[in-house]
2 protein chains.
Amino acid sequence: MAGMGAYDELIELQRRLHVLESVGELLAWDQETMMPAGGIEHRSRQMSLLAGLAHERATDPKIGELLSACEDDGLGTGPSGSDDRAPSANVRELRRRYDRLTKLPAALVSELAETTSLAQHEWARARERSDFGRFRPWLEKLVRLVRRKAECIGSPEGGEPWDALVDAYEFGARAADLRVLFAPLRERLSALIDELRTRGTRPDRAFNAVKLPIDRQEAFVRFVTERMGFDYARGRLDRSAHPFCSGTHPGDVRITTRFRDDLMCDALGSTMHEAGHGIYEQGLPPEHAGTPLGEAVSLGIHESQSRLWENHVGRSLAFWRWCQPQLGRFFGSALDAFDVERAYRAVNVVEPSLIRVEADEATYSLHVMVRFEIELDLVRGELEVADVPARWNALYRDYLGVEVPDDRQGCLQDVHWSCGLFGYFPTYALGNLYAAQLFAAAERAIPDLTEQFARGEFAALAAWLGEHVHAHGMRYPAGELCRRATGAELGAEAYLSHLSDKLRGVYRC
Amino acid sequence: MAGMGAYDELIELQRRLHVLESVGELLAWDQETMMPAGGIEHRSRQMSLLAGLAHERATDPKIGELLSACEDDGLGTGPSGSDDRAPSANVRELRRRYDRLTKLPAALVSELAETTSLAQHEWARARERSDFGRFRPWLEKLVRLVRRKAECIGSPEGGEPWDALVDAYEFGARAADLRVLFAPLRERLSALIDELRTRGTRPDRAFNAVKLPIDRQEAFVRFVTERMGFDYARGRLDRSAHPFCSGTHPGDVRITTRFRDDLMCDALGSTMHEAGHGIYEQGLPPEHAGTPLGEAVSLGIHESQSRLWENHVGRSLAFWRWCQPQLGRFFGSALDAFDVERAYRAVNVVEPSLIRVEADEATYSLHVMVRFEIELDLVRGELEVADVPARWNALYRDYLGVEVPDDRQGCLQDVHWSCGLFGYFPTYALGNLYAAQLFAAAERAIPDLTEQFARGEFAALAAWLGEHVHAHGMRYPAGELCRRATGAELGAEAYLSHLSDKLRGVYRC
């Protein structure tokens, strides 16, 4: 790369690294959607080889030299957000990654990789049998390893070890701030849920229980997501056990969903959710592909995009004004008994429950808070792994008012910890808050926004999100992006007003 | 890899190289079956990066050192077939590959890669417009490059430059031998085709023209290929513009097919063909996966497996005795008018035509011979690229008795030359000959073989092929494999007897 400046050379290396990583991403997608069962052994060899190659390249000392040379040229040295020129933003983010990766000893990286691979397997068995004892030694080992990881990375200034972990998913989020944000949110959500239960009229869910052929459901969700703006010339929709979005490049973004013949609205919500992620990935600036400026800024912002489409659009009355008259084309007369109002109310039932991924819009964040409290205490060393089930069950009683009958429906329900993902859960709740605040800003900017939904028009919303969120990639940290797009720090007000306004109407209280 | 012997170290490097190559294979499969149009640009970056990494590893001087150390230990130094111990066979084949690759200058490899990539694009445009002039400069450049490639590799002893090219696909095949094999074959095929035309009764094709829903066709071909022994727990069937088989490991083998509502038998034949390739890949010994002993021996033998299932099974009367009564389950009463005899005769129509991939069992090899003659003369420098269309058309007149109306249906129909694949075509005709000779041997070994087909039983055939072909991987060269499995050198007798016996019956002459 003779004759190139340090920055150009850095970006060239980074783009090549990204190409390699994107191959691993495709293999992961294929494994969940296409791969026959017999392929698993060879697939794990492929994944492990690629991960090794990518790690080798990501920690190449050459990158460290180039980063220093860029910084000597004044790129990326100011605090986050203070210098949003493309090269500065890229250098700042690449420096962060390089430091994170190179601070971890190779032995720890490989022990984490091996342990999480085995632990996922053990977790799946333990969950099947609702046998926490089987998973316990693995979780103990994982907690030790992630604490060691946090120690190697080092706590950010004024922060604690857990903060070093969350930085990988939501840079700059701090446990202390999240507690301040979550505590009043939890109280007000609980009060709202209580109010709906005691003073409201629970809508019936019959609309979502009608049996509908799966191929018609698939045609319907394709139609809706295409109308939202998910571009099928640059994406796909497939089926998998758990819905997800896999993006390797704005030109090739793949979402998945799942169907049950008697849960059409769940499939619709899931697919709109993943399409929201997908529209974000498709909207990242292609000229920056393979560099931080071409990547989603954080998991919280990513989740805001999925939640916004799933909840603020897909669970709105205006959306159902448009959507309900479309149903006949896909399902014949099967849903004729349900008018707009009945459909709209059915998708807005609130019901404290045991399983996070099945939770409704209002209770979802409470599920997240349970996990946040537990993992924080685990990382702090204030909770023994052996006490996780009891703590879990107590928090579910306290936050959601439900009794957990067994660990399968309790602390064994999520895969995350077995993958070593500590610091990840809170991003789901942040996604809800960002979604509400962004949507409120979009409504202010586009006064007839909901009228547009009622006509099946979503392009103005998509364009607003594209301009204020997608196009920036990682140019601004999440908090700064939020300030620029909404004019305010992230808070819980927009989310709480949205929920209470809507749900009081739905529950007629 | 301290403490490992040279052979173990060589195999370890080879297995890692294979894992990398298998990722490229999966990307190629995905590109043809799943990738949205918008993914092409990023995909080509992924493919090119992986190809570069694989080439770097395949030509690592370390491999040369390890090969020499193995050879010093007496592994793989005898002539092919003289030493069939696993390590010797692996070392022999890896030596061949390493020498081939390292003899090519990096500049030539990269010029070939770049030229074929552009030439394929130009070929597609030229074919669309039937404009040979557009493709001509590319073909001229490709001929120059492959002649240079043949020169770098060097002609095998007693051979000519084209032989250096064919060695990559069918090791040991020689242009001179093929001419000796093909000339009488061509005369006898022409005589047979003539006899059918002038003295036989052409069966009607109505059976294959009945319009049948594509989802039913798909269910039907899945049923048949599963019955053949293609294992869907270790494989998939998808759709693509051109059917193909992609195998990365015996546990993950993917075949594709295509459907038209009025060509069910074509889809059946294509799918059985690809499933034949797939059963070979699934039958390779998993303990040798990633090494030559775990790979198909040659393209000719690979094609023999597909042709055997497609033609010797799928176009046999016994097969239709079993198959015809199954049709109602898939197609209702749509095919009730066709009894076993009518179905069987319909799939055995012989008709000289213009397009190789649509050719019937008897004329197929003649299409191949046209290409063989032309590419041989191009590589020898005895034919100018500008004269290819005239030569092509003259050979079609001479061999098949058909007039070529335009280059789209003539010398522009195949992609191969634009990919730099010279020496590849004859393997298709060799596949026909190997198939017939192997099938005749299987019939001798399993006296009631066709009665088994009539009962829908194919396991004995699959097991015989597994034992005599699949399980060996590259332990023996193709010719030696043929001698061991059939007791004789490859010849045309079995193929000609099979065709003339069957087709005289079908044509009642």
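This is a predicted model: local features need pLDDT of at least 70, side-chain atom pairs count only at pLDDT 80 or more; totals for chains, interfaces and linings use all residues.

Modeller: Residues are numbered from 1 along each chain as its sequence is written, chains are lettered from A and ligands numbered from 1 in the order in which they are written, and side-chain values use heavy atoms, with hydrogens and water left out.

Colleague: How many aromatic pairs are there over all chains?

Modeller: Rings of Phe, Tyr and Trp (its six-membered ring) pair if their centres lie within 6.5 Å; planes under 30 degrees apart count as stacked, over 60 as edge-to-face and the rest as tilted. Over all chains, the count by this rule is 50.

Colleague: Which kind of pair do A:Phe220 and A:Phe331 form?

Modeller: The ring centres of A:Phe220 and A:Phe331 are 5.4 Å apart and their planes stand at 65 degrees, so the pair is edge-to-face. A:Phe220 belongs to helix α9 (residues 214–228) of chain A and A:Phe331 to helix α13 (residues 327–331) of chain A, 111 residues apart; helices (H or I, at least four residues) and strands (E, at least two) are DSSP runs, numbered from the N terminus. A:Phe220 is buried at a relative accessible area of 0%, and A:Phe331 also counts as buried, at 8%. The kind of pair is thus edge-to-face.

Colleague: What reach does helix α5 of chain B have from its first C-alpha to its last?

Modeller: Helix α5 (residues 106–129) of chain B has 24 residues.

Colleague: Which residue of chain B has the C-alpha nearest the axis?

Modeller: Chain B superposes on chain A by a rotation of 180 degrees with 0.0 Å of shift along its axis (RMSD 0.0 Å), by least squares on the C-alpha atoms of residues with pLDDT of at least 70 in both. The two copies are therefore related as by a two-fold rotation axis. At 4.1 Å from this axis, the nearest C-alpha in chain B is that of B:Val23.

How values were computed. The expected span of a helix is 1.5 Å times one less than its number of residues. Buried means under 20% relative accessible area, exposed over 50%, partly exposed in between (1.4 Å probe, protein chains only).
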